[in-house]
Amino acid sequence: MSTLTGTPTTTTADRTRRPRLSGMTWLVWRQHRATYWTLLGAAVLLAAWITYQHTQMMDFLHANGWPGKDINSIGPKFDPYAQAFQRVSYVLGMIPVVFGVFVGAPLLAGDLEHGTAKLVATQSGGRSRWLATKLGVTALVVVVTTAALSITFSRWWAPVKAQNTVAFWAEGSAFDNTGPVPAALSLFTVVGGVAIGLVLRRTLAAMVVTFGFAVLVQLVWGHFRLSLGDVVTVTTDKGVVAENSFPELPEAAYQIDSSYITGSGDLLGWSTCRSETTEQAQELCLKQADVVGWSVDYLPISQMTGMQWLGASILLALTAAVAMFLFAWGRKRLV
């Protein structure tokens with residue numbers, strides 16, 4: 001449609017057909033929209049499944065007298081719900097690896113491999129803006145998907161949080177899938193994968209190396225996870241043979257280690273005197289070793305939230321460092 005002077009005008013229909021995003025953001029979204037929509041769609045489906053499992057579990061618990069009745073007293077009938085929890089937690093635990101390999105590694109490696117990145121140098125936006133937009137849009141999608149799954153999974157786990165028979169809170173099945181940890185782990189592996197792709201400049205090679213990097217991150221994270229908390233030590237002096245000699249720990253406490261403690265305060269391994277064949281001989285051996293009680297190290301569940309935020313802060317700081325490397329490297333070798 002045009003005016004009498006011949007100047008074209010924009011109709012309402014034309015305006016409504018225009019994308020809401022514009023400029024570099026619209027370009028990045030259009031280029032990777034298949035990946036982004038796949039992530040968002042998969043997150044919606046998985047969140048719906050988790051919500052369904054949560055509803056089924058709550059109906060079962062209420063039908064069996066929960067919360068007035070302890071879950072442990074329900075017996076094997078609760079096993080299918082605990083097994084479903086473990087299966088879903090395993091799937092969620094693989095998300096940082098999958099995101100790093102299939103989202104992070106190809107993000108720049110594909111453009112560099114196919115020569116698309118050469119067009120960036122000819123645009124007014126520049127390399128830094130293009131790189132920032134790619135990272136920003138991808139990070140937003142990753143955070144939205146992982147946050148949604150973390151919230152729904154946390155809601156599912158909350159009623160059985162104190163039940164170590166379902167999942168120990170300090171282990172990956174619960175700790176790594178709730179709170180800010182999923183988003184922080186996923187962002188670190190994704191940005192790490194982007195950096196690997198930028199350096200290698202080949203999509204397949206970047207995906208293979210990123211897989212090794214993501215698995216290594218998971219192993220290192222799992223090794224140092226417990227060091228995020230402040231270990232609490234409790235000791236006793238009532239011997240170690242009596243029925244009630246072992247210290248009573250708070251509900252849902254995660255026991256790290258236990259040792260015998262002597263009258264002088266030295267610690268002996270719990271296998272001390274285990275080689276004795278009779279109970280009397282074992283008691284005599286412990287007496288000769290001056291064992292007076294137990295020393296137990298544990299982490300209370302009250303530290304979980306603080307540990308998660310501390311760990312997430314470390315991961316985000318590492319992510320920021322990798323992002324700085326990306327911009328420094330990208331200015332010189334992006335094309």
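## Basis of the model

A disulfide is counted where a pair of cysteine sulfur atoms lies within 2.5 Å. The model is predicted, and local features need pLDDT of at least 70, side-chain atom pairs count only at pLDDT 80 or more, and totals for chains, interfaces and linings use all residues. Residues are numbered from 1 along each chain as its sequence is written, and side-chain values use heavy atoms, with hydrogens and water left out.

## Overall make-up

The protein has 11 helices and 4 strands. These are DSSP runs numbered from the N terminus, with at least four residues for helices (H or I) and at least two for strands (E). Of the 335 residues, 41% are buried, where buried means under 20% relative accessible area, exposed over 50%, and partly exposed in between (1.4 Å probe, protein chains only).

Contact means heavy atoms within 4.5 Å. Among contacts between residues at least 6 apart in sequence, 79% join residues at least 24 apart.

The 4 strands make an open antiparallel sheet, in the order 1-4-2-3. Strands count as paired if DSSP finds at least two bridges between them. Strand 1 (232-235) and strand 3 (267-269) are at the edges with a single partner strand each, so one side of each has no neighbour in the sheet. From one strand to the next, the twist averages 35°; angles run from 0 to 180 degrees between N-to-C directions, and axes are lines fitted to C-alpha atoms, for helices over the stretch in contact.

Strand 1 and strand 4 are joined in the antiparallel sense by 4 bridges, and Thr235 is opposite Ser295 of strand 4. Between strand 2 and strand 4, also antiparallel, there are 8 bridges; here Ser259 stands opposite Ser295. Strand 2 (residues 254-262) pairs with strand 3 over 3 bridges, again antiparallel, and Ile261 faces Leu267 in strand 3.

## Strand 4 and Leu299

Strand 4 is largely enclosed by the rest of the structure, because 7 of its 9 residues are buried. Leu299 lies in this strand, which covers residues 291-299, and is buried at 0% relative accessibility.

Leaving aside residues up to four places away in sequence, Leu299 touches Trp169, Leu226, Gly229, Asp230, Val231, Ala253, Tyr254, Ile256 and Met307. Leu249 is 50 residues from Leu299 along the chain, and their C-alpha atoms are separated by 9.7 Å.

## The disulfide

A search of the whole structure finds 1 disulfide. Cys273 and Cys285 form this link, with sulfur atoms 1.9 Å apart. The angle about the S-S bond is -75°, and the link is left-handed. Cys273 is in the loop between strand 3 and helix 10 (279-288) and Cys285 is in helix 10, so the pair ties together parts 12 residues apart in sequence. Cys273 is buried, at 7% relative accessible area.

## Helices 5 and 8

The axes of helix 5 (residues 95-114) and helix 8 (residues 181-200) come within 7 Å and cross at roughly 30°. The two helices are therefore roughly parallel; that term covers angles under 35 degrees, with over 145 roughly antiparallel, 65 to 115 roughly perpendicular and the rest oblique.

Among the contact residues are Phe99, Gly100, Gly104 and Leu108 of helix 5, and Thr189, Gly193 and Gly197 of helix 8.
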